[in-house]
Amino acid sequence: MIPIDIDNLKESATNLIANKWMLITAGTKEKHNTMTASWGGIGHLWNKDVAYIFIRPHRYTYDFVEQNDFFSLSFFEEKYRDVLKLCGTKSGRDIDKMNLKITPIIDDENIFYNEAEIVMLCKKIYYQDIDFQNFLDNSIHKNYPLQDYHRMYIGEIYKTLKKK
């Protein structure tokens with residue numbers, strides 16, 4: 001993988017997240033976890049390039065993002081869709097996600113996957129819990145039948161990598 005300027009990404013952030021999905025990964029070399037996500041965004045905030053992600057408190061990855069200062073977003077080719085489906089339907093509490101068909105790489109404080117097409121390495125700079133009382137569109141409530149509202153994390157994207 002080679003570092004690239006995030007401004008040189010040709011892929012649509014909306015397409016990457018909503019359609020290709022991503023793995024959110026956090027933790028340490030010894031113990032980390034990853035989960036599939038299709039909600040989030042990439043933008044510019046507080047004079048920084050940022051990614052924002054959403055994780056429900058009952059997800060196993062939530063604890064890893066909470067306890068660590070860094071997280072990564074890894075985007076894959078379609079041939080890895082089975083890995084993404086597995087990581088989106090099975091909890092790291094129940095299976096060992098450290099032994100998937102993809103290879104974890106440690107970069108300073110962050111973990112990402114060698115097989116990814118695009119990786120964004122992020123440092124947490126903000127979080128906030130979603131407050132249902134602030135929904136202006138009542139149709140949003142259908143996403144929370146258990147009232148298990150997400151926590152939003154904003155991370156500064158400090159490095160973007162692309163497959164050679």
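Asp148 counts as buried because its relative accessibility is 17%, where buried means under 20% relative accessible area, exposed over 50% and partly exposed in between, with a 1.4 Å probe and protein chains only. The model is predicted, so that local features need pLDDT of at least 70 and side-chain atom pairs count only at pLDDT 80 or more, while totals for chains, interfaces and linings use all residues. Residues are numbered from 1 along each chain as its sequence is written, and side-chain values use heavy atoms, with hydrogens and water left out.

**The loop between S9 and S10**

- Asp148 has its place in the loop between S9 and S10, helices (H or I, at least four residues) and strands (E, at least two) being DSSP runs numbered from the N terminus.
- Not counting residues up to four places away in sequence, Asp148 touches Arg56 and His58, contact meaning heavy atoms within 4.5 Å.
- The side chains of Asp148 and Arg56 are joined by a polar contact of 2.7 Å; such a contact is a pair of N or O atoms within 3.5 Å, of which, within protein, one must be able to donate a hydrogen and the other to accept it, and residues adjacent in sequence count only if both atoms are side-chain atoms.
- Gln147 is found in the loop between S9 and S10, has a positive phi of about 55° although it is not a glycine, and counts as exposed at 59% relative accessibility.

**Nonpolar cores**

- The largest nonpolar core has 24 residues, and those with the most contacts inside it are Met22, Ile24, Ile53, Ile55, Leu73, Phe75 and Met120; a core of this kind is a set of buried Ala, Val, Leu, Ile, Met, Phe, Trp, Tyr and Cys residues joined through side-chain atoms within 4.5 Å.
- Among the elements that each supply at least two residues of this core are helix H1 (13-20), helix H2 (60-67), strand S6 (70-75), strand S9 (118-129) and strand S10 (151-162), and H2 gives the most, with 4 residues.
- Leaving aside neighbours within four places in sequence, Met120 is in contact with residues including Ile6, Leu9, Ile42, Phe71, Leu73, Phe75 and Ile157.
- Another core, of 14 residues, lies apart from the largest one, and Leu84, Cys87, Tyr113 and Val119 are among its residues.

**Helix ends and other loops**

- Ser12 caps the N-terminal end of H1, with a side-chain oxygen 3.3 Å from the backbone nitrogen of Thr14, and H1 is followed by Trp21, whose phi is positive, near 70°.
- Asn68 lies in the loop between H2 and S6 and counts as buried at 16% relative accessibility.
- A polar atom of the Asn68 side chain lies 2.7 Å from the backbone oxygen of Phe64, and Asn68 also touches Gly27, Thr28 and Lys124, not counting residues up to four places away in sequence.
- Trp46, in the loop between strand S4 (40-45) and S5, has a positive phi near 55° in a residue other than glycine and is partly exposed, with a relative accessible area of 47%.
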